[in-house]
Amino acid sequence: MFLVFLGAPGAGKGTQAAIISQKLGLAHIASGDLFREAVAKGAELGKTVKAYMDKGVLVPDKVTIQLVSERLNEPDCKSGCIFDGFPRTIEQAKALDEMLASRNAAIDKAVYIKVPQKELLKRLGGRWICRVCQTPYHEITSPPKVPGKCDKCGGKLYQRSDDTEETIKERLRVYFEQTTPLLDYYKAADKLVTVNGELGIEEVAEEIISGLRLKSVEPK
Ligand code: AP5
């Protein structure tokens, strides 16, 4: 099964992709995490993408498509995966369709996690992430048991450099301008499943699972 998770910055794509990928036994491809890994390694790619990420704008399609395509070639993605944060433009969505078609596969469903803008600002402002396993926490709604430490792996928590007020506003502007057209793209293909992302984390996960089942999507 190949799924796309759509939603604004802070909607809970990463949180839900981690839960659902485990429940369904799928790989999890998060384009933002791939870029942050490249930045942390000091790789040439990291130097290229950092400037875009710091400004809150999209990395060029060509670079993004190439990186995701390489990740998709890894063995854990063979029987399916969740794309988290990719695609973000119509060009990326078309490229993804082509990548999968060449494997005799296709996107089964695009899950849109819908959250109002006011809530997004609160979520991103209080987010902390594990440096090791990338698990996201929130200082109010889902704090770690020990401050500054990941419950799952003990890794150190940090705040993303693009989670500042100014950059969050730019990321939201870019999302509404460049990524929301994807909702119509997947709706036209009869693949869009919309869930209420304002619910608690576990409830959103249940909505996703039941949304997929209701639409008769079964793991391949
Ligand atoms: P990326 O890393 O993808 O960031 P994003 O899309 O801005 O999304 P976030 O990771 O901020 O939010 P999320 O929806 O995953 O929310 P989360 O689960 O963490 O991209 C970063 C940058 O990389 C981009 O700006 C761009 O430059 C570049 N990039 C990445 N992909 C690209 C692409 N395809 N093309 C071009 N450029 C690309 O949750 C947020 C917070 O809310 C957490 O604290 C969490 O604990 C909390 N929370 C989650 N769910 C709930 C809930 N139900 N109730 C209460 N709190 C909740």
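Predicted model: local features only at pLDDT ≥ 70, side-chain atom pairs only at ≥ 80, totals over all residues.
Reader: Which domains is the chain divided into?
Author: Domain 1 covers 2–117 + 165–213, and domain 2 covers 127–162. Those bounds come from an automatic or database domain assignment.

Reader: What separates their centres?
Author: 21 Å, taken over C-alpha atoms.

Reader: How many residues are in contact between domain 1 and domain 2?
Author: Nine residues of domain 1 are in contact with eight of domain 2. Contact means heavy atoms within 4.5 Å.

Reader: And what area is buried there?
Author: About 680 Å², with 40% given by carbon and sulfur atoms. Buried area is the accessible area (1.4 Å probe) that two parts lose on being put together, summed over both.

Reader: Which three residues supply more than any other three on the domain 1 side?
Author: D33, R36 and R171. They supply 52% of the area that domain 1 buries against domain 2.

Reader: Switching to helices. At what angle do α2 and α3 pack?
Author: Helix α2 (residues 31–41) and helix α3 (residues 44–55) pack at about 120°, with axes 8 Å apart. Helices (H or I, at least four residues) and strands (E, at least two) are DSSP runs, numbered from the N terminus. Axes are lines fitted to C-alpha atoms, for helices over the stretch in contact, and angles run from 0 to 180 degrees between N-to-C directions.

Reader: So what do you call that arrangement of α2 and α3?
Author: Oblique, because of that angle. Under 35 degrees counts as roughly parallel, over 145 as roughly antiparallel, 65 to 115 as roughly perpendicular, and the rest as oblique.

Reader: Left-handed or right-handed, α2 past α3?
Author: Left-handed. That term applies if the near helix is turned anticlockwise from the far one by less than a right angle; clockwise is right-handed.

Reader: Which residues meet?
Author: G32, F35, R36, A38 and V39 in α2 meet L45, G46, V49, K50 and M53 in α3. By class, that contact has six nonpolar, two polar and two charged residues. Ala, Val, Leu, Ile, Met, Phe, Trp, Tyr, Cys and Pro count as nonpolar, Asp, Glu, Lys and Arg as charged, and the others, Gly among them, as polar.

Reader: What about α4 and α5? At what angle do they cross?
Author: Roughly 30°. The axes of α4 (residues 61–72) and α5 (residues 90–101) come within 10 Å. The two are therefore roughly parallel, and the crossing is right-handed.

Reader: Which residues make the contact?
Author: D61, T64, I65, S69 and L72 of α4, with E91, Q92, A95, M99 and L100 of α5. Five are nonpolar, three polar and two charged.

Reader: Where is P87?
Author: P87 is in the loop between β3 (81–84) and α5. A cis peptide bond joins F86 and P87, with omega about 0°.

Reader: Which phi does Q134 have?
Author: A positive one, about 70°, although Q134 is not a glycine. Q134 lies in the loop between β5 (127–130) and β6 (136–138).

Reader: Why point out these two spots?
Author: Because most residues other than glycine have a negative phi, and most peptide bonds are trans.

Note on methods: Residues numbered from 1 in each chain as written. Heavy atoms only, no water.
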